[in-house]
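Subject: Structure handover

Hello,

Here is the structure we talked about. Please open it alongside this note, which goes through what turned up.

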Amino acid sequence: MKKVINSNNAPKAIGPYSQAIEDGGFIFTSGVLPVDPVTGEIYSGDVQVQTELILNNLENILKEVGCSLKHVVKTTVYMTDLTKFAEMNATYASFFKENPPARSTIQVVALPKGSAVEIEAIAKK
């Protein structure tokens, strides 16, 4: 049974989508941007800080259903500039120290709100 997940501790959806969906023991998140959940403002600074904000927001979404980043089995990282991959990867690695999930990283032309990074995840309860 499909269940919509929304956390007040993560940025609100900026369109007709949910922060995440739980179904069949899996949690599927929408793409998460580096947005301050309190102010709703996007952080447009360096890629490391953007990645940190995104992963904190992602973890807050997962907490709504009793999960954490340890439950993540797959992520997809979208970046507007893969020359900044090492910066993103260093911060990303600090959040997934043991048994990191499978991951794809894709360069795109642009991301919503001018973000340099967006991350979506699949977690298993």
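Start with S68. At 19% relative accessibility, S68 counts as buried, because the cut-off for buried is under 20%. S68 sits in the loop between α1 and β4. Leaving out neighbours within four places in sequence, S68 is in contact with E59 and L62. Please keep in mind that this is a predicted model.

**The chain as a whole**

The protein chain has 2 helices and 6 strands. From the N terminus, the order of elements is β-β-β-α-β-α-β-β. The C-alpha atoms fill a box of roughly 40 × 30 × 25 Å along the principal axes. The radius of gyration is 13 Å. A compact globule of 125 residues would be near 14 Å, so the chain agrees with that expectation.

Buried residues make up 35% of the 125 residues. The accessible surface comes to about 6,800 Å², and 52% of this belongs to carbon and sulfur atoms. Take the contacts between residues at least 6 apart in sequence: 69% of them join residues at least 24 apart.

**The sheet**

In what order do the strands of the open sheet lie? The order is β1-β2-β3-β6-β4-β5, with 6 strands and mixed pairing. The edge strands are β1 (3–5) and β5 (102–107), and each of these pairs on one side only. Neighbouring strands are turned by 15° against each other on average, ignoring direction.

Strands of a sheet pair through backbone hydrogen bonds, in either a parallel or an antiparallel way. Here is how several pairs look in this model.

- β1 and β2 are antiparallel, with 3 bridges. K3 stands opposite E22 in β2.
- β2 and β3 are also antiparallel, with 4 bridges. I21 stands opposite F28 in β3.
- β3 (residues 26–29) and β6 (residues 117–124) run antiparallel and are joined by 3 bridges. F28 has I122 as its bridge partner in β6.

Now the faces of β2. In a regular strand, side chains alternate between the two faces of the sheet. The covered face of β2 has A20 and E22. The uncovered face has I21 and D23.

Helix α2 (residues 85–95) lies across β4 and β5. Against β5, helix α2 runs at about 155°.

**T76 in strand β4**

T76 is found in β4 (residues 72–79). Is T76 buried or exposed? T76 counts as buried, because its relative accessibility is 10% and the cut-off is under 20%. The side chain of T76 makes a polar contact of 3.4 Å with the side chain of K74. Beyond residues up to four places away in sequence, T76 touches S104, I106, E118, I119 and E120. Of these, S104 and I106 fall in β5 (102–107). E118, I119 and E120 fall in β6 (residues 117–124). In the sheet order, β4 stands between β6 and β5.

Two residues other than glycine are worth a look for their backbone.

- N99 has a phi near 45°, a positive value. N99 lies in the loop between α2 and β5. With a relative accessible area of 72%, N99 is exposed.
- K113 has a phi near 60°, also positive. K113 lies in the loop between β5 and β6. With a relative accessible area of 47%, K113 is partly exposed.

**Where to click**

Go on to T76 in β4. Finish with N99, in the loop between α2 and β5, and K113, in the loop between β5 and β6.

Best wishes

Methods. Residues numbered from 1 in each chain as written. Predicted model: local features only at pLDDT ≥ 70, side-chain atom pairs only at ≥ 80, totals over all residues. Heavy atoms only, no water. Buried < 20%, exposed > 50% of the residue type's maximum accessible area, 1.4 Å probe, protein only. Polar contact = N/O pair within 3.5 Å; in protein donor to acceptor, adjacent residues only side chain to side chain. Contact = heavy atoms within 4.5 Å. Pairing = 2+ DSSP bridges. Axes fitted to C-alpha atoms, helices over the stretch in contact; angles between N-to-C directions. Rg over C-alpha atoms; globule rule 2.2 N^0.38 Å. Areas by Shrake-Rupley, 256 points an atom, 1.4 Å probe, with all protein chains shown as cover.
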